[in-house]
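Hello,

Here is the structure I promised to hand over. Please open it first, then read my notes below.

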Amino acid sequence: MESESLWLGPMRKPVRLIMLAFVGVTALIYAWLVFNKIFVTDAIGMHEMIRPAEGGPIVTIMLYAILGSLLFAGLYLSDFKGDIEPEPDGFFDIFSLVTSRICMIMVALIVLVMFYEVISRYVFSRPTLWANELSLWIASFVFLLAGLYAMQQRSHIRIYVIYDMMPRWMQKASDALSTFLIVFFTFSLVWGGYNDAKTRALRMETFGTAWDPPLPGTVKAAILIVIILVTIQAISNLIADWNKLPEHHSGAEVDETEIAHLRETLEK
Amino acid sequence: MEFLELLAWMKVDSIATLSIILLAGMFFLLAIGMPLGFASAFLAVAVLIMKFGPELLYGSFGRGPLSVLGQAIYRQMTNYVLISVPLFIFMASLLERSGIAKDMYNSLSMWLSRTRGGIAIVTSLMAVLMAAMSGIIGGEVVLLGLIALPQMLRLGYNQNLAIGTICASGSLGTMIPPSIVLIMYGLVTETSIKSLFTAAFLPGFMLASFFIIYIIATTQIDKTKAPLPPDDPDAPRGTEKTLMFVGFLSKFFIWAGGALIVRNLFLTVTNQNAVEEGVDPIALGMVSDLPYLIGLVVISAALMFFVVGKERSKAGWEMGKGLVAPIVVIGVVLGSIYMGITGITEAAGMGAIAVFVIGTIRREMSFEIVWDSLMRTLKSTGTILWVTIGASALAAAYTLAGGPTYVANMIVAADMPTMSIILVMMLIFLIMGMFMDWIGIVLLIMPVFLPIVSKLPVEELGFLGHLDPQHVAIWFGVLFCMNMQVSFLSPPFGPAAFYLKSVAPSHITLIDIFRGFLPFILLQLLALTVMLTWPQIVTVFL
């Protein structure tokens, strides 16, 4: 993976080092926790993992290590442009790209969590209490942030039949109106949902299950925050696209890179 | 808050006016190219303003009826079944980048190389198998277009037949489980997704068999439509080939039976399959199933050694082994769902793992491929999920305003014949399908249409035989899927045509492609007619 740097430039190497350090620390603590879980009774388990107060400093360190790994992996990986991505050109694009990389890692994590759960339930007959809720928790963030990425990639579903026929000034006016209405929606959503999200976030309201993650406490607030981010991205798109030439859209979005990849696979 | 009083005129008293403004607003916003999800989200706010008036909504910061929007979104975000959507997309994009499809095609075409229209039949069969692996369309049409179209054109197949076969079969992904369309339909209408999958099985296979029968019939009537490939003197033929196929099957059943026996013994040893009152037996996992499994293996082994012969079986296995990977993937996904091992979501996760493992064994997986698949997954997830977010906000607001009930009552009171209401709905699906992705239709129109359908007199649905009232939602979902099949192909915006155009040789124009669709659209309409006249087709396996 040696391709041109998108935005880190000379910082790429240090960021990579920090990422590797965080991942290394995470892996070491994880190995230590698994070792304990196997050989020590009343070791730290998933229950304590989301309750640092009960699990002691090691849990706090582990949580920060995971956070650091995700953040720096996101920073590092966002420096590479994906084959299907256009050049980022808005002021907010890099932020969305970093979150998108973190989300991609989280999708893979969901798959692994499910795999672990299925194996432990059907092979070892020891279903976990936490796997379903953990995947739900991760997924809710993926769902939300995926919208930010889709906004940055301009891949939200739009109907272009009439839009393509408009002269450019009318397209600009339409885009401006769309963005204004998105801002208005976000304003209304935050206006109506602020108290609810705030109270739940302040008392870290939990899910009411055995593992009991603070799902409502975090996700309710995340909805408001991410929608604000998406709105900023929409404004950034509007500014970035203002002076672009009109594009033409065919009936179905066909992805040239995808076809190139497929041809490559088939000719192997 | 003086100025809010000035805006009091925004409050609308009659639900009819509100609905009309909503409809007009939707048309306007979509026409100016506003993203579908955000247009719905804004209209949700607009509906609330019209229902409650600005004063009540914006009178005090932080609360008020506007909070229903956040709650509706939260409900979607914490929906476990919804996780299957990104996982199925992930699995499909991994699958696309592995050589599994290509090998499957080669295997299938070897068996049918001496049959007239063989490649076209192979294309249909392959589409069915791929549809059973993942629930995505688009990619499938592109893939078939890359693999099968050049070969059919080289052999001198009729161009229309080739194009129609690829696109019509490639669209089957939504009909044959697991299908993302049915998952979303089940989520929106709170119907059991497993029942939807089971119900869609028969109509999906019926449609696929219509395609294959049409291919066989038309190539037999006009033999120039599908010339046979030049004869290869080394290739096995006739009974030899049949025997080899039997050899392949018996070898496959020995492996499959063996694996199931191992699983069964494992369950027995760990005592997971003890017969208990009130606990469903594990499919093929109970001790009483062992004799059948062993019998299967013994019969297959006998066939292999005494009837076919070892050498021939081996040759047959070589020809057929491209089919093994797809069957394993299908077994993992559908097996998990139907044998009660896991739910839809976990089945999708296991499918992704299965494809990844097979790809790794084939030495095709790399970090780049997985990363690229994850990127695609995230992009498509964002696209689909944010329509869901907007639409669920709108549905919540409109329901709060009493919209769906009002519309349902109005339609029922209009006293139109039941079947013509259904026909009008199907017409609306077709027209909407030209402009909108299926996801928009499911999320925006279903919450309005399904209450109407469930209020219609159930005994008037269908002409021959009738449905149970609890199956109406399932029938309507499958009917909707069948409608989507037609709109994938119907001019002028049928997406399948554009997907194929992007990989077809440049001399094939869009007009050519749509011309090739005609007979297949007729077949789809025939399948639709069957579903309308005999609605129990969906309940056969339920």
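**Confidence**

Chain A has an average pLDDT of 87, and 97% of its residues score at least 70. Bear in mind that this is a predicted model. Within chain A, the element with the highest mean pLDDT is helix 6 (residues 131–152), at 92. The lowest mean, 80, belongs to helix 9 (residues 256–267) of chain A.

**The interface between chains A and B**

How much area is buried between chain B and chain A? The figure is about 7700 Å². Carbon and sulfur atoms give 76% of that area. On the chain B side, 82 residues are in contact with chain A. On the chain A side, 85 residues are in contact with chain B.

One salt bridge is counted between chain B and chain A. Its partners are A:Arg121 and B:Glu346, with the closest N and O atoms 3.0 Å apart.

Which element of chain B gives the largest share of the side that touches chain A? That is helix 18 (residues 367–400) of chain B, with 16 residues. By class, this side of chain B comprises 53 nonpolar, 19 polar and ten charged residues.

**Two residues to look at**

Start with A:Phe207. This residue lies in the loop between helix 7 (168–202) and helix 8 (215–241) of chain A. Is A:Phe207 buried, partly exposed or exposed? Its relative accessible area is 29%, so A:Phe207 counts as partly exposed, the class between 20% and 50%. A:Glu133 is 74 residues away from A:Phe207 along the chain, yet their C-alpha atoms are 8.8 Å apart.

Then go to B:Ile15, in helix 2 (residues 15–31) of chain B. Where does B:Ile15 make contacts, not counting residues up to four places away in sequence? B:Ile15 touches B:Ala401, B:Gly402, B:Gly403 and B:Tyr406. B:Ile15 and B:Ala401 are 386 residues apart along the chain, with 7.3 Å between their C-alpha atoms.

Best wishes

Methods
Residues are numbered from 1 along each chain as its sequence is written. Chains are lettered from A and ligands numbered from 1 in the order in which they are written. This is a predicted model: local features need pLDDT of at least 70, side-chain atom pairs count only at pLDDT 80 or more; totals for chains, interfaces and linings use all residues. Side-chain values use heavy atoms; hydrogens and water are left out. Contact means heavy atoms within 4.5 Å. Buried area is the accessible area (1.4 Å probe) that two parts lose on being put together, summed over both. A salt bridge is a side-chain nitrogen of Lys or Arg within 4 Å of a carboxyl oxygen of Asp or Glu. Helices (H or I, at least four residues) and strands (E, at least two) are DSSP runs, numbered from the N terminus. Ala, Val, Leu, Ile, Met, Phe, Trp, Tyr, Cys and Pro count as nonpolar, Asp, Glu, Lys and Arg as charged, and the others, Gly among them, as polar. pLDDT is the predictor's confidence in each residue, from 0 to 100. Buried means under 20% relative accessible area, exposed over 50%, partly exposed in between (1.4 Å probe, protein chains only).
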